[in-house]
Amino acid sequence: MIFNRVNGACQSNIYWILCICLALALATVAVYWQVRHHEFIDFDDDEYITENNHVLEGLTQQGVIWAFTKSHSNNWHPLTWLSHMVDCQLFGLDAGAHHLTNVFFHVANAILLFLLITRMTGNLWASAFVAAAFALHPIHVESVAWASERKDVLSTFFWLLTTWAYLRYVQRPSMIRYVPIIIFFILGLLSKQMLVTLPFVLFLLDYWPLRRFILDDKSVCDNKQTVPAVSIKRCVLEKLPLLFLSIIAGLIVFLTQQSSGILRSTIQYSLICRVENALVAYVEYIGKMFWPRHLAIFYPHPGDTLPFWQIAGSLLLLVSITVGVIWKLRRRPYLAVGWFWYLGTLVPVIGLVQVGNQALADRYTYIPFTGLFIIIAWGIPELLGRLFYRKYIISLSAAVLLFSLGLLTYAQVKHWQNSMTLHKHAMQAVPDNWAAHHAIARIYQEAGDLDTAIKHYSEVLRIVPDFMPLRVNIGVALVEQGNLDEAAIHFAEVLRHEPDHYEANFNLGTILASKGEFPRAIAHFKKALEVEPDSYELHHKLGAIFFQQGKLKKGIEHYTEALRIQPYSQTLRWELAIAHNKLGIALAKKAQLDQAIIHFTEALAIKPDLADAHSNLGRALTLQGDIDQALTHYYKALELNPNLVNARFCLADILARQGKKNDAIENFRKVLEIEPDHAQSRRALQKLLKNAD
């Protein structure tokens, strides 16, 4: 069969295949090698790597269980988590090593793509162009130079392996050859659910270039068949197991993102609004393929502000191209396959189900652009027809184009050096990029440059005045700057829109507490407590307020809860011990000695070295007549704090009554050394000295 003949041709050109693979690897490494000096960025890298304890611990049994059983960062992709764990196991937090792992997968993907298309079509140089464009196009920098986008390069690796296994299967169909397809497909879904469209792409490949089925006897231009012919029904049935797995994966990611709150409801973006943005995004992606400038990590969603001409123009262009490729389906099937590859693989991320606040994202093109590259690689040579020196013109043009893409990619990779360079470029690339201003503001805020941070926050407020997370951040910056009144205005505005907002309630409560407006502060803290009942900071602050108000029992309740949540906080242990001690003093004054002793004992259980509590417990035991125990606590109090006047006076008084005059005199004298105006000690000392004479 032709399939075998193609393989034979490839084997006869093994030299060129090896040279092209080597060239792909070297060119890709050349433009991306600089990432070895790049840092992690403040966009997802913290959640994925630098602040993710499961990942930081490396590959552990607990980490593997967590990866498969928990969703995190709005996603469920256990194999991606395991790859990050392996990196941390091998390289720690060496950001450059993590980035180079992405580069390795990108190189592998480019080579696999080249070998796959060559194997399917037998067209060595067109396949090389597709793979080189995939490897060197600057729009793919986001998927490679961003450590958190490991899921893109890893899932595509398994996408290509699944396709390779599929090619082996269609050459000689059998259950044994079908099993690897399922295995690689599952591994891909466990890396990223973008693979849900792969069954659709495999069906396209059945039509061209594999030609497993034809629509009629004129459906393909050369009527050549590379694999055994089957019916359309057979082609569809073969994809059903993969389709079933795709549906399960799609449901998992939908439920995960819905539970995390990242799915934007129709209240924020209506269905019409999302459809309009999707139409424009399809066309904008094509524009970025031909003119890859002004690429950014974030493109703000336009909402309902898109002009009608842009929506109508995009729809007209998409429909026209679709009609055109269908019209040419019989003679130029690669047009339809490439075009529907592009349209279909973008469906999960085109924004019909809106995730986040972006209109589009460069990383979403990592797989879809391959369809467009195929159209160019096969279409341009055919378009030039019998042009004189056609071969040389195509070769030179392709070389210039790929070299230019490499230069653009090299420049684009530089922008990913660190968070500041990345977001500054995004701010310049996209006008009114509120997300870039917001990220830069946070960087300056963390660096302590509050004036510059507030300047950028103000820009965000100008662009998106209803963006509540911004008002929280600018409020925090104003608090750090000491401008509490203006900060309170921002927190109050957030609560006007979202009364249950945790951070706004917490921060406004803190401001009110600092001004002594305790009732209002308590109301906001309790509101925040409804959202996060296990907040150590909230219980701590409520305990401190009630303590200041003299409501010691309520204060102790919140201090105790805070200590349960944060059992190793030495500051909190001290404050709770002090609270118990204070309550014990208040109860002792009311002659409730049993209750007072309970709280003094509780204070010492929490903080055994609290000298005041030992002294107060000794006093309460003295009043109850338990002199021996009282003496034990007085001695302990003085051991901890020899200058504790009350403990030393009480000890001296007991010693005097026990007839131990010398010891009593010594302790009364020490009291007077510490506090010369202590009248009781002076009278008691004079009495003892007089009796001694």
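Student: Is Cys88 buried or exposed?

Tutor: Cys88 is buried, its relative accessible area being 7%; buried means under 20% relative accessible area, exposed over 50% and partly exposed in between, with a 1.4 Å probe and protein chains only. This is a predicted model, in which local features need pLDDT of at least 70, side-chain atom pairs count only at pLDDT 80 or more, and totals for chains, interfaces and linings use all residues. Residues are numbered from 1 along each chain as its sequence is written, and side-chain values use heavy atoms, with hydrogens and water left out.

Student: And what does Cys650 count as?

Tutor: Cys650 counts as buried, at 12% relative accessibility.

Student: How many disulfides does the whole structure have?

Tutor: The search finds 0 disulfides, a disulfide being a pair of cysteine sulfur atoms within 2.5 Å.

Student: Turning to Thr345, where is its place?

Tutor: Thr345 belongs to helix H16, residues 333–346; helices are DSSP runs of H or I with at least four residues, numbered from the N terminus. Thr345 is buried, with 1% relative accessible area.

Student: Which residues does Thr345 touch, leaving out those up to four places away in sequence?

Tutor: Its contacts (heavy atoms within 4.5 Å) are Trp159, Met194, Thr197, Val201, Phe340, Ile367 and Pro368.

Student: Lastly, where is Ile252?

Tutor: Ile252 lies in helix H13, residues 232–260, and counts as partly exposed at 28% relative accessibility. Its C-alpha atom is separated by 32 Å from that of Gly96, 156 residues apart along the chain.

Notes
Helix = DSSP H or I, 4+ residues; strand = E, 2+ residues; numbered from the N terminus.
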